[in-house]
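The sequence and structure are shown below.

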Amino acid sequence: MRNVSLEQISTHPITQKYLKRSGIAHAIAVAEYAFVYAEKLGVDPDLATKAALLHDVGHYTWYRNGEWDYDLYKENDIHAIKGASRAHKLLIRVGEERHASKEIAVAILLHTDSYLPGGELKLNPLQKVVHMADEADEEAGGKHHYKEIEDHRALERIRALDQLVEKEEKSHTSAHIG
Ligand SMILES: [Fe+2]
Ligand SMILES: [Fe+2]
């Protein structure tokens with residue numbers, strides 16, 4: 001049983017504030033991809049979609065002379081670290097279960113290795129799903145962060161995804177009972 005929906009998370013003022021920096025359209029697209037990949041890899045779609053929706057919530061605005069400076073960002077960015085902590089705080093605040101909050105936060109921490117000094121990360125299936133979903137929506141030069149979406153359209157897609165996750169969780173529970 002889910003105690004927090006994607007709609008509750010996405011409409012929260014903290015989510016709105018920070019996801020606007022990295023792009024709501026990107027966050028939603030990644031959450032939709034994560035649902036598909038979660039099915040394929042046998043990962044809990046509830047955790048996968050929540051981690052995917054929030055994966056870029058840690059972005060800072062790297063502006064120089066009014067424009068996003070990609071080099072400055074590459075050199076100084078820690079958005080995965082910041083995002084993991086920010087998402088965790090938010091999830092606990094909206095009533096997410098503690099262990100789920102941790103799983104989601106760690107998947108956000110590991111969704112990219114761009115800030116790490118090197119070496120291959122060993123990802124678990126949930127972390128893999130979020131990483132793959134993010135890559136699926138990536139565009140050259142960070143263009144995926146600038147995709148526009150109208151508020152009502154964003155909410156429609158979040159609600160549709162909530163319904164898919166709920167349906168999936170229900171069929172999973174009944175399969176276990178039956
Ligand atoms: Fe990211
Ligand atoms: Fe991303």
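Among contacts between residues at least 6 apart in sequence, what percentage join residues at least 24 apart? In this predicted model, the figure is 73%.

## Overall fold

The protein contains nine helices and two strands. Along the sequence, these elements follow the pattern α-α-α-α-β-β-α-α-α-α-α. The radius of gyration is 16 Å, close to the 16 Å given by the globule rule for 178 residues, so the protein is as compact as a globular protein of that length.

Taken along the principal axes, the C-alpha atoms fill a box of roughly 60 × 40 × 30 Å. Of the 178 residues, 39% count as buried.

## The largest nonpolar core

The largest nonpolar core comprises 42 residues, and the members that touch the most others are Ala31, Ala34, Ala48, Ala51 and Ile108. Two or more residues of this core come from each of α1 (6-11), α2 (13-22), α3 (24-41), α4 (45-54), α6 (79-93), α7 (98-109), α8 (125-136) and α9 (151-177). The greatest contribution is that of α3, which supplies 12 residues.

Ala31 illustrates how this core is connected. When neighbours within four places in sequence are left aside, Ala31 is in contact with Leu6, Thr49, Ala52, Leu53 and Leu161.

The buried residues in α2 are Thr15, Tyr18, Leu19 and Ser22. Viewed down the axis of α2, its buried residues fall within an arc of 100°, so they line one face of the helix. The elements covering the buried residues of α2 include α1, α3 and α6.

On the face of α2 turned away from the buried side are the exposed residues Pro13, Lys17 and Lys20. After α2 comes Gly23, which has a positive phi, near 105°.

## The annotated region

UniProt, in an unreviewed entry, lists residues 23-139 as "domain: HD". Over residues 23-139, the chain is 63% helix and 3% strand.

Key: Residues are numbered from 1 along each chain as its sequence is written. Chains are lettered from A and ligands numbered from 1 in the order in which they are written. This is a predicted model: local features need pLDDT of at least 70, side-chain atom pairs count only at pLDDT 80 or more; totals for chains, interfaces and linings use all residues. A nonpolar core is a set of buried Ala, Val, Leu, Ile, Met, Phe, Trp, Tyr and Cys residues joined through C-beta atoms within 7 Å. A residue is buried if 20 or more other C-beta atoms lie within 10 Å of its own, exposed if 12 or fewer, and partly exposed in between; C-beta atoms are placed from the backbone. Helices (H or I, at least four residues) and strands (E, at least two) are DSSP runs, numbered from the N terminus. Two residues are in contact if their C-beta atoms, placed from the backbone, lie within 7 Å. The radius of gyration is taken over C-alpha atoms; the globule rule is 2.2 Å times the number of residues to the power 0.38. The arc is that of the directions from the helix axis to the C-beta atoms. UniProt positions are given in the numbering used here, feature names are shortened, and annotations may be inferred rather than shown by experiment.
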